[in-house]
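User: Hi! I am new to this structure and would like to learn how to read its features one by one. Could you walk me through them?

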Amino acid sequence: MLPFQRRLRLGVRLYCSAVKKREVVMVMNCGSSSIKYQLLDMANSEQCVLKGHVDGIGAKSCKLIQTDASGDKEVTAIPEAGYDDSMQRVFDSVAKLRDVEVTVVGHRVVHGGMNFTAATLATDAALEQIRECVPLAPLHNPANIRGIEMARKCLGSGVPQVVSFDTAFHHTLPPYASLYAIPYETAVELKIKRYGFHGLSHQYVSEAAAALLGLPYDRATLIIAHLGSGCSATSVRHGKSMDTTMGMTPLDGLIMGTRAGQLDPGIEEYMCNQMGVGIDEVTRLLNRKSGLLGVSGISADMRELVAYAQGQVESATAEQVSRANLAIDMFVYRLCRHIAALMVASMSSCDALVFTGGIGEGSSFIRNRVMQKLKFLGIFENQASNAVHGTNNKRRLISEPDSPMLAMVVPTNEELQIAREAVKVLEMA
């Protein structure tokens, strides 16, 4: 008979060989002060096995939070952890999971410029091209690049890295929609054009909406309203982005949480001269202190503004209520104006207006205001369905089913879109 120790070792080896690990896609979204990630089992109904995030990188309050498929949450304090240390903690925590194996990592990159029109492997050449786009997204691309580099370092060359771009879906914009009316040679030389953003969300939601409506994706005509802390609307015709509200940068278009959206360019020069500051300070103000926060003077969170507007805040002053209502009115008006304009890009009647994002999915109040203003397009609200975000019917409709133009709520899932693209890239490699 074999000695006990040898029998034990043999038993462990046999057990380990019998237990097949779940192969998962790791999706990473690396910001300047936060890291978000998910593990998705694409072979098992695209199930999310684990999700986590690191908040407050570099601060004393920095912590790593992980939630598994059953909802169990684990919080680990990592005070004053830097970016690289935080990334290492993420990969260390994933490595401890004995029943999963990361086979590919999908990364979100905000700006792909003119170089990238689809997801691609994160080769050295691709990384260099992403670095060339840093001037187009100085707040986002550097953190995205850092995440890719750390993933390669921690996981080794045996685990492929794939990058998906927020701008890629909009590469189908026709020149008359993407170009600005500046000297053509300047636009070409400086690569100035409407790139658009939130492309991962717009693609996922438009595909999901077409499926819910029972329409072939290459025949559906939709307007997607992605409304969250950042907001954009896109006309999707026959599976292609035809026009979108964000421009060369994410500052253009709709009113957002802290971003001004569409603005007369002359205002920036006027502000510089009158305030005695440089363009960098004005740009910072337009990006971080404007939008809902700037108009209301209360909050960048639409939920708080709606609470003020509906009289749910007992301590609110008349001025605060007035400013909250003004911010909401401006938000709704700007959105409706752009939706109406995007109807031109559809080149025909539109099948549906689709709400998504934190506000789009969660605020029946805002959706009601929008649909009331857009009745002339043939959108007729079903108040009962809107009140429950369309969850009372299979098509997620919040309009009357016989409306000439439907309205619906479709939750976005950018992480799943990235995972799908990562799998597709590997299959084609």
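Analyst: Happy to. Let us begin with the cysteines: the sulfur of Cys154 lies 11 Å from the closest cysteine sulfur, in Cys30, which is too far for a bond. Please keep in mind throughout that this is a predicted model.

User: What is a disulfide, in general terms?

Analyst: It is a covalent bond between the sulfur atoms of two cysteines. In this structure, a search of the whole model finds zero disulfides. Cys336 is in none either, as its nearest cysteine sulfur, that of Cys231, is 13 Å away.

User: Is Cys336 buried or exposed?

Analyst: Cys336 counts as buried, because its relative accessibility of 7% is under the 20% cut-off. Cys154, at 24%, counts as partly exposed.

User: Which residue takes a positive phi in the hairpin of strand 4 and strand 5?

Analyst: That is Gly71, with a phi near 95 degrees, in a hairpin that has four residues between the strands. Strand 4 (residues 63-68) runs antiparallel to strand 3 (residues 47-55), and six bridges join them. Gly52 has Gln66 of strand 4 as its bridge partner. Strand 4 is also joined to strand 5 (residues 73-77), by five bridges and again antiparallel; there Thr67 stands opposite Lys73.

User: In what order do the strands of the open sheet come?

Analyst: The order is 11-10-9-12-13, five strands with mixed pairing. Strand 11 and strand 13 are the edges, each pairing on one side only. Neighbouring strands are turned by 25 degrees against each other on average, ignoring direction. One of the pairs is strand 12 (residues 352-356) with strand 13, which run parallel and share four bridges; within it, Phe355 is partnered with Val409.

User: Which strands does helix 7 touch where it packs on the sheet?

Analyst: Helix 7 touches strand 9 (221-227), strand 10, strand 12 and strand 13, and its direction makes about 130 degrees with that of strand 9. Helix 12 (residues 318-346) packs on the sheet too, touching strand 9, strand 10, strand 11 and strand 12, at about 20 degrees to the direction of strand 10.

User: How are two packed helices described?

Analyst: By the angle between their axes and the distance between the axes. For helix 7 (residues 199-213) and helix 16 (residues 414-428), the axes come within 9 Å and cross at roughly 90 degrees, so the two helices are roughly perpendicular to each other. Among the residues making the contact are Leu200 and Tyr204 of helix 7 and Leu416 and Ile418 of helix 16.

User: Last one: what does the side chain of His107 make a polar contact with?

Analyst: With the side chain of Gln161, at 2.7 Å. His107 belongs to strand 6 (residues 100-109) and is buried, with a relative accessible area of 1%.

Terms used. Residues numbered from 1 in each chain as written. Predicted model: local features only at pLDDT ≥ 70, side-chain atom pairs only at ≥ 80, totals over all residues. Heavy atoms only, no water. Buried < 20%, exposed > 50% of the residue type's maximum accessible area, 1.4 Å probe, protein only. Polar contact = N/O pair within 3.5 Å; in protein donor to acceptor, adjacent residues only side chain to side chain. Pairing = 2+ DSSP bridges. Disulfide = S-S within 2.5 Å. Axes fitted to C-alpha atoms, helices over the stretch in contact; angles between N-to-C directions. Parallel < 35°, antiparallel > 145°, perpendicular 65-115°, else oblique. Contact = heavy atoms within 4.5 Å.
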